[in-house]
Amino acid sequence: MSSAKFTPGPWSVGRRDMGDGKLGRYIDPKRGQPVARVLCDPRKAAVNDANADLLAASPEMYAALEESVWALSGESYDPDRFEKAIVTARAALAKARGEA
């Protein structure tokens, strides 16, 4: 598999005052500058939060997809790796839903 070129995870959702009285959502890596800012509609706080959670889960979803492709490729059967793919995917989905 080729190595990913994006900022490594984990990413988290940060909330910062945007200077106009609005609270913005930023996607922050463990170190460094934010990788994204979610444009927020103050009338849709739940949607803003859900969009930010989905973006912050991107590195975990990438890892889960890599594991799943390996586990489902049929090259060899490894029950431990298959289980890891399921666990990784479930954790990524929970983070994307804002449950982690």
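Student: Which residues of α3 are buried?
Tutor: In this predicted model, the buried residues of α3 are Ala85, Ala92, Ala94, Lys95 and Ala96.

Student: What do the buried residues of α3 pack against?
Tutor: They pack against β1, α1 and α2. β1 covers residues 11-17, α1 covers 45-56 and α2 covers 58-72.

Student: How far apart are the end C-alpha atoms of α3?
Tutor: They are 26 Å apart. The helix has 18 residues, 79-96, so at 1.5 Å a residue it should span 26 Å, which agrees.

Student: OK, α2 now. Which residues are buried there?
Tutor: Pro59, Ala64, Glu67, Ser68 and Ala71 are buried in α2. The buried residues of α2 pack against β1, α1 and α3.

Student: And how far does α2 reach?
Tutor: From its first C-alpha to its last, α2 reaches 21 Å. It has 15 residues, and the span is close to the 21 Å expected at 1.5 Å a residue.

Student: What comes just after α2?
Tutor: Gly74 sits there, with a positive phi of about 80°.

Student: Which residues is Met61 in contact with, leaving aside neighbours within four places in sequence?
Tutor: Leu54, Ala92 and Ala96. Two of those names, Ala92 and Ala96, are also on the buried list of α3.

Student: How far is Met61 from Thr88?
Tutor: In sequence they are 27 residues apart. In space they are 8.2 Å apart, C-alpha to C-alpha.

Student: Let's zoom out. What pattern does the chain follow?
Tutor: Along the sequence it reads β-β-β-α-α-α. That comes to three helices and three strands.

Student: What is the radius of gyration of the chain?
Tutor: The chain has 16 Å. A compact globule of 100 residues would have a radius near 13 Å. Along its principal axes, the C-alpha trace spans about 55 × 25 × 15 Å.

Student: How much of the chain is buried?
Tutor: Buried residues make up 25% of the 100 residues.

Student: Last topic, charges. How many positive and negative side chains are there?
Tutor: There are 15 positive and 14 negative ones. The centres of the two sets lie 6 Å apart.

Note on methods
Residues numbered from 1 in each chain as written. Predicted model: local features only at pLDDT ≥ 70, side-chain atom pairs only at ≥ 80, totals over all residues. Heavy atoms only, no water. Helix = DSSP H or I, 4+ residues; strand = E, 2+ residues; numbered from the N terminus. Rg over C-alpha atoms; globule rule 2.2 N^0.38 Å. Buried < 20%, exposed > 50% of the residue type's maximum accessible area, 1.4 Å probe, protein only. Lys, Arg positive; Asp, Glu negative; His and termini not counted. Charge placed at Lys NZ, Arg CZ, Asp CG, Glu CD. Expected span 1.5 Å × (residues − 1). Contact = heavy atoms within 4.5 Å.
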